[in-house]
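Work through the exercises below with the model open. Try each task before reading its solution.

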Amino acid sequence: MTISETIAAFLCGLTRDTIPEPVRRKAEACLLNGYGIGLGGYSTPYAPVARKAALAMDPAGDGGATLLGDGRKAGPGGAMLANSALFHGRAQEDTCGAAHLGAIVIPMLTALIESGRGAQANFIPALVAGYEAGGLFEELFAVDTTPAGFRASTIYGVIGAAAAAGRLLDLAPAEMAAALANAVSFSGGLLQSFTDGTDEWRYQVGVTARAGWTAAELAAAGSTSAPHAFEGPKGLIAAFARKELDPAAVRAKLGRDWQTLRVAFKPFPVCAFNQTPVISALELRKRLDPAKIAAVEVFMNPYECGYAGMDSVGPFNSISGTLMSIPFCIALTLARGAPTMDAMQRYDDAEVNGLMTRIKLTPSPEIPVLSCRIDVALESGANLREDTKMRAEDYAYSFEQVSEMVRRIGREQALPDAAYDRLERFAADAAREPISLVTEAFAMLPERVKAA
């Protein structure tokens, strides 16, 4: 069997009965996180841009899907574009390694189900299929593709989106294999916008969702697709990772190393790689006066330090730049406390900018991914150190922990608890609860947002 055939057989076998209970529970937490973070991102400016484009390109007609936080409807592809931008607005969506699969797959599945294009009973199996297919290749090859400038969310997210759409549509194994092959041909996406501090990456997730749905629908319609899309000499891995794919390594992971369990959540609205540095800086802040800092040296894994935008020291003019910058996030945390959306958009904060000039970022292979060490030299001559070792499991919150986090974000913005009640009810039983609970929750956002 080819790689696409092997993965397709696994994905088509995912049901509520075959998915292990811990994986199912984690998928429910992912679903709540996706909706909850989207709700908390209502005031970010990216969804209104995407809505305008969506309505221009994809008017609703019959069987449209709701533009969440707005109330109007577009075609399913337009809803995916707009709602993915909403879910991505705080940059606090879930992350499977370097890939933000939830911000791609959850809006896609929601739009398809609401518009009557998929069986709601397949929601959780489809969501798991998306994480498993996209996460598998991210785990194996992002270390090769990311340094080359390719974004994991778009390269591997389109595979996840095709897998999720294919499972929702109940494709047969041969059709699923074709959907995956189609997705490989549609893969791409660069990291330059992170370096430049611009917003294209906010919209990449929605474009990726649309491409994954297209891949699945083409397969259902009978497309003839490359059987060796993954492992071929001009296939995904050879083209993007510049190496050969080991079929045995792929097959060994299916159904054993569940990618859904690897999904991590973000307590702060900054890049996934900045979560631990913020935690470290918060601990240091308890022990020092930021005004007395002479120098700071931050040691992190080279993979994280080398990600686009992570070493930037400005000057900044957008939150797309500040949320990626390790020096900015640490300086802001030391000076002002836990990052907020408002604080990260104060680009002229003299204390933060001055402190940032005294921060040195040092790549260190000895530091694991998602960990960091911060050494602080004080003007008095004293030295402080915070060595924080974290793993993806430390950010793999339970359903209850996700609920607490998204409700905290909602309280910061005076959003109604009733909206979160509806999201929790749906996420806990997506096979049976009406999907109107989701649209009702987003309809509770302030009127000024829905009219944007």
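**Exercise 1.** In which loop does Asp170 lie? Classify its phi and its exposure.

Solution. This is a predicted model: local features need pLDDT of at least 70, side-chain atom pairs count only at pLDDT 80 or more, and totals for chains, interfaces and linings use all residues. Residues are numbered from 1 along each chain as its sequence is written, and side-chain values use heavy atoms, with hydrogens and water left out.

Step 1. Asp170 lies in the loop between α8 (157-168) and α9 (173-185). Helices (H or I, at least four residues) and strands (E, at least two) are DSSP runs, numbered from the N terminus.
Step 2. Phi of Asp170 is near 60°, a positive value in a residue other than glycine. Most residues other than glycine have a negative phi.
Step 3. Asp170 has 53% relative accessibility, so it counts as exposed. The classes by relative accessible area are buried, under 20%; exposed, over 50%; and partly exposed in between (1.4 Å probe, protein chains only).

**Exercise 2.** Find where Ala414 lies, and give its phi.

Solution. Step 1. Ala414 is in the loop between α19 (399-412) and α20 (417-428).
Step 1. Its phi is positive, near 60°.
Step 2. With a relative accessible area of 69%, Ala414 is exposed.

**Exercise 3.** Describe the ring pair of Tyr35 and Phe87.

Solution. Step 1. Rings of Phe, Tyr and Trp (its six-membered ring) pair if their centres lie within 6.5 Å; planes under 30 degrees apart count as stacked, over 60 as edge-to-face and the rest as tilted. The whole structure holds 14 aromatic pairs.
Step 1. For the rings of Phe10 and Trp258, the centres are 5.7 Å apart and the planes at 50°, so this pair is tilted. Both residues, Phe10 and Trp258, are buried.
Step 2. The ring centres of Tyr35 and Phe87 are 6.0 Å apart and the planes stand at 80°, so this pair is edge-to-face.
Step 3. Tyr35 belongs to helix α2 (residues 21-40) and Phe87 to helix α4 (residues 76-87), so the pair ties together parts 52 residues apart in sequence.
Step 4. Tyr35 and Phe87 are buried.

**Exercise 4.** Is helix α17 largely enclosed or exposed?

Solution. Step 1. In α17 (residues 326-336), 10 of the 11 residues are buried, so the helix is largely enclosed by the rest of the structure.
Step 1. The cover over its buried residues includes α14, β3 (293-300) and β5 (372-378), where contact means heavy atoms within 4.5 Å.
Step 2. Gly337 follows α17, with a positive phi near 100°.
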